[in-house]
Amino acid sequence: MHIRTFCVLMTILVFATTGIAAAHPPARIQLVYSEQTGELVMTVTHDVADPATHFVRQAEIRKNGETVISEGYTSQPSMDTFTYRYLFPLSPGDEVVATAECNIGGSAMARFTMPGQDGTI
């Protein structure tokens, strides 16, 4: 009876730790802004085996501390690196903070400050 209980507990432990090891946040976010088009390009690196079950579920863009974009997703476009594009104007000195959140756990963040004079003295 003790051996059977031990085997059951070990099986549960193996499955529990495997699930934790498989979950990981996006590895990297890169932000590039085009003044000509007003487009912010957010490139996310999140290596997964199956983008339909393990994916970036939420992308959020904050401009100067206020959320301007919050998008939910039910899969990611590829198994590793992909790009989301967002249109909105930026002025010199504006700070953009982008966050990508994994559906299983964890998130990554990147910051970008629009170069140029912000008008403050």
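In this predicted model, the largest nonpolar core holds 23 residues, and those touching the most other members are Ile29, Leu31, Met42, Ile61 and Tyr86. The strands β1 (28–34), β2 (39–45), β3 (56–63), β5 (81–87), β6 (95–102) and β7 (107–113) each contribute at least two residues to this core. As a general background, nonpolar side chains in soluble globular proteins tend to be buried together.

Neighbours within four places in sequence aside, Tyr86 is in contact with Gly38, Glu39, Leu40, Met42, Ala59, Ile61, Ile69, Glu71 and Tyr73. Two of these partners, Met42 and Ile61, are themselves listed with Tyr86 among the core residues that touch the most other members. Tyr86 also belongs to an aromatic cluster, in which ring pairs link it with Tyr73, Phe82 and Tyr84.

A search of the whole structure for aromatic pairs finds three. In one of them, Tyr73 and Tyr84 are stacked, with 4.4 Å from centre to centre and 0 degrees between the planes. This pair joins distant parts of the chain: Tyr73 sits in the loop between β4 (66–72) and β5, Tyr84 sits in strand β5, and 11 residues separate them. Tyr73 and Tyr84 are both buried. Another pair, formed by Phe82 and Tyr84, is edge-to-face, with a centre-to-centre distance of 5.3 Å and 65 degrees between the planes. Phe82, like Tyr84, is buried. Tyr84 thus takes part in a stacked pair with Tyr73 and in an edge-to-face pair with Phe82.

Phe82 leads on to a histidine. His46 is placed in the loop between β2 and β3, and Phe82 is one of its contacts. Is His46 buried or exposed? With a relative accessible area of 0%, His46 is buried. Beyond its neighbours within four places in sequence, His46 is in contact with His24, Pro25, Pro26 and Ala27, with His54, Phe55 and Val56, with Gln76, Met79, Asp80 and Phe82, and with Cys102.

Glu39, already met as a contact of Tyr86, forms a salt bridge with Arg85, in which the closest N and O atoms are 3.2 Å apart. Here, too, distant parts of the chain are linked, with Glu39 in strand β2 and Arg85 in strand β5, 46 residues apart. Arg85 counts as exposed because its relative accessible area is 53%, the threshold being over 50%.

A salt bridge also connects Asp94 with Lys63, their closest N and O atoms lying 3.9 Å apart. The two residues come from distant parts of the chain: Asp94 belongs to the loop between β5 and β6, Lys63 belongs to strand β3, and they are 31 residues apart. Asp94 has a relative accessibility of 10% and so counts as buried, whereas Lys63, at 22%, counts as partly exposed.

Another salt bridge is formed by Arg111 and Glu95, with 3.5 Å between the closest N and O atoms. Arg111 in strand β7 and Glu95 in strand β6 are 16 residues apart, and this pair again links distant parts of the chain. Arg111 is exposed, at a relative accessible area of 53%, while Glu95 is partly exposed, at 29%.

One backbone detail deserves a look. Most residues other than glycine have a negative phi. Asn64 is not a glycine, yet its phi is positive, at about 55 degrees. Asn64 lies in the loop between β3 and β4 and is partly exposed, with a relative accessible area of 44%.

Stepping back to the whole chain, the secondary structure comes to one helix and seven strands, in the order α-β-β-β-β-β-β-β along the sequence. Of the 121 residues, 31% count as buried. Among contacts between residues at least 6 apart in sequence, 55% join residues at least 24 apart. The accessible surface of the protein comes to about 7800 Å², and carbon and sulfur atoms account for 58% of it.

Methods: Residues are numbered from 1 along each chain as its sequence is written. This is a predicted model: local features need pLDDT of at least 70, side-chain atom pairs count only at pLDDT 80 or more; totals for chains, interfaces and linings use all residues. Side-chain values use heavy atoms; hydrogens and water are left out. A nonpolar core is a set of buried Ala, Val, Leu, Ile, Met, Phe, Trp, Tyr and Cys residues joined through side-chain atoms within 4.5 Å. Buried means under 20% relative accessible area, exposed over 50%, partly exposed in between (1.4 Å probe, protein chains only). Helices (H or I, at least four residues) and strands (E, at least two) are DSSP runs, numbered from the N terminus. Contact means heavy atoms within 4.5 Å. Rings of Phe, Tyr and Trp (its six-membered ring) pair if their centres lie within 6.5 Å; planes under 30 degrees apart count as stacked, over 60 as edge-to-face and the rest as tilted. A salt bridge is a side-chain nitrogen of Lys or Arg within 4 Å of a carboxyl oxygen of Asp or Glu. Accessible areas come from the Shrake-Rupley method with a 1.4 Å probe; for residues, only the protein chains shown count as cover.
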